[in-house]
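Please read the following briefing alongside the sequence and the coordinates.

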Amino acid sequence: MPGQECEDIVMTTSQFGIVNTTCPLSGKPVTELKEPVRSADCRHVYEREAVMAYIKRFSRRQPCKCAAAGCPRILVGSSMLCDPSLLMEIQELRVRGQVSSQAHMVADCTELDEDEA
């Protein structure tokens, strides 16, 4: 309406954006990767250095299969990308990890000193 401010609220979620929680090659948790990249084909997340070395080991005649168990896709260096959405999804995982680890830290207040009772 005229005279009223209008705000667009954009909500995004990446609940199912990251398909693996650890790098299939280095074994590091995705939240601890220094240079995370995601395959544009299968969406698995890798440490850049580990996946590029892995791809380099294969010759041009032999396709480089994704290292994630059961994934039939082929990895190509040019399809390994680090986009802003990947970084946001990893940050979300870090925050959720901090929240869940804090939830486990509960003080045991069931025992009272006799002087306090």
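Buried means under 20% relative accessible area, exposed means over 50%, and partly exposed lies in between, with a 1.4 Å probe and protein chains only. By that definition Arg38 is buried, with a relative accessible area of 3%. This is a predicted model, in which local features need pLDDT of at least 70 and side-chain atom pairs count only at pLDDT 80 or more, whereas totals for chains, interfaces and linings use all residues. Residues are numbered from 1 along each chain as its sequence is written, and side-chain values use heavy atoms, with hydrogens and water left out.

- Helices (H or I, at least four residues) and strands (E, at least two) are DSSP runs numbered from the N terminus, and strand S1, spanning residues 36–39, includes Ser39.
- Ser39 is buried, its relative accessible area being 0%.
- With contact taken as heavy atoms within 4.5 Å, and with neighbours within four places in sequence left aside, Ser39 is in contact with His44, Leu75, Ser79 and Met80.
- Met80 in turn touches Val37, Arg38, Ser39, Tyr46, Arg48, Val51, Met52, Ile55 and Leu75, not counting residues up to four places away in sequence.

**Nonpolar core**

- A nonpolar core is a set of buried Ala, Val, Leu, Ile, Met, Phe, Trp, Tyr and Cys residues joined through side-chain atoms within 4.5 Å; the largest one here has 19 residues, and those with the most contacts inside it are Tyr46, Val51, Cys66, Leu75 and Met80.
- The elements that give two or more residues to this core are strand S2 (45–47), helix H1 (48–57) and helix H2 (84–103), and the largest share, three residues, comes from H1.

**Salt bridges**

- Side chains of opposite charge can pair when their charged atoms come close.
- Where a salt bridge is a side-chain nitrogen of Lys or Arg within 4 Å of a carboxyl oxygen of Asp or Glu, the count comes to five.
- Glu35 forms a salt bridge with Arg48, the closest N and O atoms being 3.7 Å apart; because Glu35 lies in the segment before S1 and Arg48 in helix H1, the pair ties together parts that are 13 residues apart in sequence.
- Both ends of that pair count as partly exposed, Glu35 at 45% relative accessibility and Arg48 at 29%.
- Arg38 forms a salt bridge with Asp83, with 3.5 Å between the closest N and O atoms, and this pair links distant parts of the chain, Arg38 being in strand S1 and Asp83 in the loop between strand S3 (80–81) and H2, 45 residues apart.
- In this second pair Arg38 is buried, whereas Asp83 is partly exposed, with a relative accessible area of 28%.
- The side chains of Glu92 and Arg96 meet in a salt bridge at 3.4 Å, N to O; both residues lie in helix H2, four residues apart, about one turn of the helix.
- Glu92 counts as partly exposed at 28% relative accessibility, and Arg96 counts as partly exposed at 41%.
- Salt bridges that share partners join Arg38, Asp83 and Glu89 into one network.

**Cysteines**

- With a disulfide defined as a pair of cysteine sulfur atoms within 2.5 Å, the structure holds zero disulfides.
- Cys23 is in no disulfide, and the nearest cysteine sulfur, that of Cys66, is 9.8 Å away.
- Cys23 is buried, with a relative accessible area of 1%, whereas Cys82 is partly exposed, with a relative accessible area of 35%.
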